[in-house]
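Me: I am new to this structure and would like to know what lies behind the words used for it. Please go through the terms one by one.

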Amino acid sequence: MQGPEIQVDAVEPMDEGVREEWCRVTLDTDLRFVSATGLSSGDVQWQVSVSMMEFVRQDPLQSELATAITKALAEVAGVEKAYAEDREVWAIEGSPEGPPLVRAAAQVVDAFYAKAKAAYDALDASV
């Protein structure tokens, strides 16, 4: 997937269990925000959070998006295993770097943006 450059910035960790954190710079944090958190201990070295997943709750879109995110994260150099840990969070085992994880997930988010925006707008209209 090729598109506009995805800007990723380092974030100062607020928790001692976090060794580093990276996030996508975006104005649309509801749908386009992605972050990667490097954990200090445990089997999982990284957690990748994707805000879009909070609002995409209907299949087939939910399953397609989750599958695409998992596949993209698994293809990042250094990833040994990537899997959904929660609705919005993926666990990453291996030794990847944070910015490529954020960019991989953000590329998927961008590819699904129009469909997710329609689902998001439908949720907003039903409130």
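**A residue in strand 3**

Reply: Ser-35 is found in strand 3, which covers residues 34-39. The model is a predicted one.

Me: Why is Ser-35 called buried?

Reply: Its relative accessible area is 6%. Buried means under 20%, so Ser-35 counts as buried. Leaving out residues up to four places away in sequence, Ser-35 touches Trp-22, Cys-23, Gln-47, Val-48, Ser-49 and Val-102.

Me: What makes Ala-74 partly exposed?

Reply: Ala-74 lies in helix 2 and has a relative accessibility of 38%. Beyond its neighbours within four places in sequence, Ala-74 is in contact with Val-79 and Ala-82. Ala-74 and Glu-93 are 19 residues apart in sequence, and their C-alpha atoms are 9.5 Å apart.

**The sheet**

Me: What is the order of the six strands, and how do they pair?

Reply: The six strands form an open sheet in the order 1-2-3-4-6-5, with antiparallel pairing. On average, neighbouring strands in this sheet are turned by 20 degrees against each other, direction ignored.

Me: What makes strand 1 and strand 5 edge strands?

Reply: Strand 1 (8-11) and strand 5 (79-84) each pair on one side only.

Me: How do you know that strand 1 and strand 2 pair?

Reply: Two strands pair if there are at least two bridges between them. Strand 1 and strand 2 (residues 18-24) are joined by four bridges and run antiparallel, so by that definition they pair. Val-11 stands opposite Glu-21 in strand 2.

Me: Which bridges join strand 6 to its partners?

Reply: Four bridges join strand 4 to strand 6, and these strands run antiparallel. Trp-46 stands opposite Ile-92 in strand 6. Five bridges join strand 5 to strand 6, also antiparallel, and Val-79 stands opposite Gly-94 in strand 6. A hairpin of four residues connects strand 5 to strand 6.

Me: Why does strand 4 have a covered face and an uncovered one?

Reply: In a regular strand the side chains alternate between the two faces of the sheet. In strand 4, Trp-46, Val-48 and Val-50 make up the covered face, while Gln-47 and Ser-49 make up the uncovered one.

**The helices**

Me: Why are helix 2 and helix 3 called roughly antiparallel?

Reply: Helix 2 (residues 61-74) and helix 3 (residues 98-111) pack at an angle of about 150 degrees, with their axes 9 Å apart. Angles over 145 degrees count as roughly antiparallel, so helix 2 and helix 3 are roughly antiparallel to each other. Helix 2 passes helix 3 in a right-handed crossing.

Me: Which residues of helix 2 and helix 3 meet, and of what class are they?

Reply: From helix 2 come Leu-65, Ala-68, Ile-69, Ala-72 and Leu-73, and from helix 3 Leu-101, Ala-104, Ala-105 and Val-108. By class, this contact has nine nonpolar, no polar and no charged residues.

Me: Where does helix 2 lie relative to the strands?

Reply: Helix 2 lies across strand 4 (46-50), strand 5 and strand 6 (89-94), and runs at about 165 degrees to strand 5.

Me: What is the peptide bond from Asp-59 to Pro-60, cis or trans?

Reply: The bond is cis, with omega near 15 degrees. Most peptide bonds are trans. Pro-60 lies in the loop between strand 4 and helix 2.

Me: Which residues does Tyr-120 contact?

Reply: Tyr-120 is found in helix 4 (residues 113-125). Apart from neighbours within four places in sequence, Tyr-120 is in contact with Asp-30, Leu-31 and Phe-55. Tyr-120 and Phe-55 are 65 residues apart along the chain, and their C-alpha atoms are separated by 5.9 Å.

Methods. Residues numbered from 1 in each chain as written. Predicted model: local features only at pLDDT ≥ 70, side-chain atom pairs only at ≥ 80, totals over all residues. Heavy atoms only, no water. Axes fitted to C-alpha atoms, helices over the stretch in contact; angles between N-to-C directions. Helix = DSSP H or I, 4+ residues; strand = E, 2+ residues; numbered from the N terminus. Parallel < 35°, antiparallel > 145°, perpendicular 65-115°, else oblique. Left-handed = near helix turned anticlockwise from the far one by under 90°. Contact = heavy atoms within 4.5 Å. Nonpolar A, V, L, I, M, F, W, Y, C, P; charged D, E, K, R; others polar. Buried < 20%, exposed > 50% of the residue type's maximum accessible area, 1.4 Å probe, protein only.
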